[in-house]
Amino acid sequence: MNLKNFLSDFSDLIFPRCCEACDRSLVGNEATICTSCMISLPRIQLNGLHQDVIRYKFVNVPEVILTHSFLLFTKKGKVQHLLHALKYKGNKEVGLKLGFMFGQEMMTAGLLPNAGLIISVPLHKKKRKIRGYNQSDLLAEGFSNATGIPWSATALERIKHTATQTGKSKTQRRENVEGVFVAKEKIIHEHVIIMDDVLTTGATLEECMQTLKTAGCKYFTILTIALAEH
Ligand SMILES: [Zn+2]
């Protein structure tokens, strides 16, 4: 054992680090998520039923070339723990790691889209100030680190707070997010990836696309870390 490993094991004894998904102690060079969780997190199969659910959400948006969610969100499940750590416990590493894993696995599956830029769905600046960061930026950064596709946190700005989408009809959801974003710069890439944390109704992502079209984008890949089942 070299000195670095020794010191890291020693520090684990004094300040135990825990897996953000299952809460067990991390060992050796594990970081943020333990090896067992990394392997067993519930991936969404590319040709399974959930993939059809995701595609159906954007069935009326012909500009969407590809949609994919990495993991299945279930109440009290590991994915919920991870997203909670990312959004409410200030653990930015969770975002970077999940984004990186997502990027790596899409590359391995030969599914990396031919897009020029990753754009994260922005938070309203008040909300961002309270949280200290935008969790979707970290997911986009992690995905970018794995794939080499550049990302931008400044292409879009959220100019309105929105009430929760829960309990609203599809039309109400669309109306609720209308005019929420503005494009801050001209985008030279025709095909961009939009990255968000959880896919629920898809209404917010649709509004992002509408806004990005005014900035020059023509085709979209929609990627989210999790799909919420209803
Ligand atoms: Zn774990």
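A residue counts as buried here if 20 or more other C-beta atoms lie within 10 Å of its own C-beta atom, and as exposed if that number is 12 or fewer. The model on screen is a predicted one.

**Stop 1: Leu 117**

Select Leu 117, which sits in strand β2, residues 117–120. Is Leu 117 buried or exposed? It has 20 other C-beta atoms within 10 Å, so Leu 117 is buried. Now show what it touches, leaving out the neighbours within four places in sequence. The contacts of Leu 117 are then Pro 150, Trp 151, Ser 152, Ile 187, His 189 and Val 192. Leu 117 and Glu 229 are separated by 112 residues in sequence and by 28 Å from C-alpha to C-alpha.

**Stop 2: Asp 196**

Move to strand β6 and select Asp 196. With 23 C-beta neighbours inside 10 Å, Asp 196 is buried. Setting aside residues up to four places away in sequence, Asp 196 touches Val 121, Ser 136, Leu 205 and Thr 224. Then pick Lys 127 as well: it is 69 residues from Asp 196 in sequence, and the two C-alpha atoms are 16 Å apart.

**Stop 3: two residues in one loop**

Next, look at the loop between α1 (3–14) and α2, and select Asp 23 there. Asp 23 is not a glycine, yet its phi is positive, at about 75 degrees. Asp 23 has 10 other C-beta atoms within 10 Å, so it is exposed.

Stay in the loop between α1 and α2 and select Thr 32. Thr 32 is another residue other than glycine with a positive phi, in this case near 70 degrees. Which is Thr 32, buried or exposed? Thr 32 is buried, because 22 other C-beta atoms lie within 10 Å.

**Stop 4: helix α4**

Select residues 78–88, which form helix α4. Colour Lys 78, Val 79, Leu 82, Leu 83, Ala 85 and Leu 86, which are buried. Why do they lie on the same side of α4? They cover an arc of only 155 degrees around the axis, and this puts them on the same side of the helix. The general rule is that an α-helix has 3.6 residues a turn, so residues three or four places apart point the same way.

Now show what covers these buried residues. The cover includes the helices α2 (35–40), α5 (92–108) and α7 (135–147). It also includes the strands β1 (64–73), β6 (191–199) and β7 (219–228).

**Stop 5: α4 against α5**

Which residues meet here? From α4 come Leu 82, Ala 85 and Leu 86, and from α5 come Val 94, Gly 95 and Leu 98. By class, this contact has 5 nonpolar residues, 1 polar residue and no charged ones.

**Stop 6: α5 against α7**

The axes of α5 and α7 come within 6 Å and cross at roughly 40 degrees. This pair is therefore oblique too, and its crossing is right-handed. On the α5 side, the contact residues include Lys 92, Gly 95, Leu 96, Phe 100, Phe 102 and Met 107. On the α7 side, they include Gln 135, Leu 138, Glu 141, Phe 143 and Thr 147. The residues of the contact of α5 with α7 divide into 10 nonpolar, 8 polar and 3 charged.

**Stop 7: α8 against α9**

Finally, select helix α8, residues 170–177, and helix α9, residues 203–214. Their axes come within 9 Å and cross at roughly 50 degrees. That angle makes α8 oblique to α9. The crossing of α8 with α9 is right-handed. Show the side chains of Arg 173, Arg 174 and Val 177 in α8, which meet Ala 203, Thr 204 and Glu 207 in α9. The contact of α8 with α9 has 2 nonpolar, 1 polar and 3 charged residues.

Key
Residues are numbered from 1 along each chain as its sequence is written. This is a predicted model: local features need pLDDT of at least 70, side-chain atom pairs count only at pLDDT 80 or more; totals for chains, interfaces and linings use all residues. Helices (H or I, at least four residues) and strands (E, at least two) are DSSP runs, numbered from the N terminus. The arc is that of the directions from the helix axis to the C-beta atoms. Two residues are in contact if their C-beta atoms, placed from the backbone, lie within 7 Å. Axes are lines fitted to C-alpha atoms, for helices over the stretch in contact, and angles run from 0 to 180 degrees between N-to-C directions. Angles under 35 degrees count as roughly parallel, over 145 as roughly antiparallel, 65 to 115 as roughly perpendicular and the rest as oblique. A crossing is left-handed if the near helix is turned anticlockwise from the far one by less than a right angle, and right-handed if clockwise. Ala, Val, Leu, Ile, Met, Phe, Trp, Tyr, Cys and Pro count as nonpolar, Asp, Glu, Lys and Arg as charged, and the others, Gly among them, as polar.
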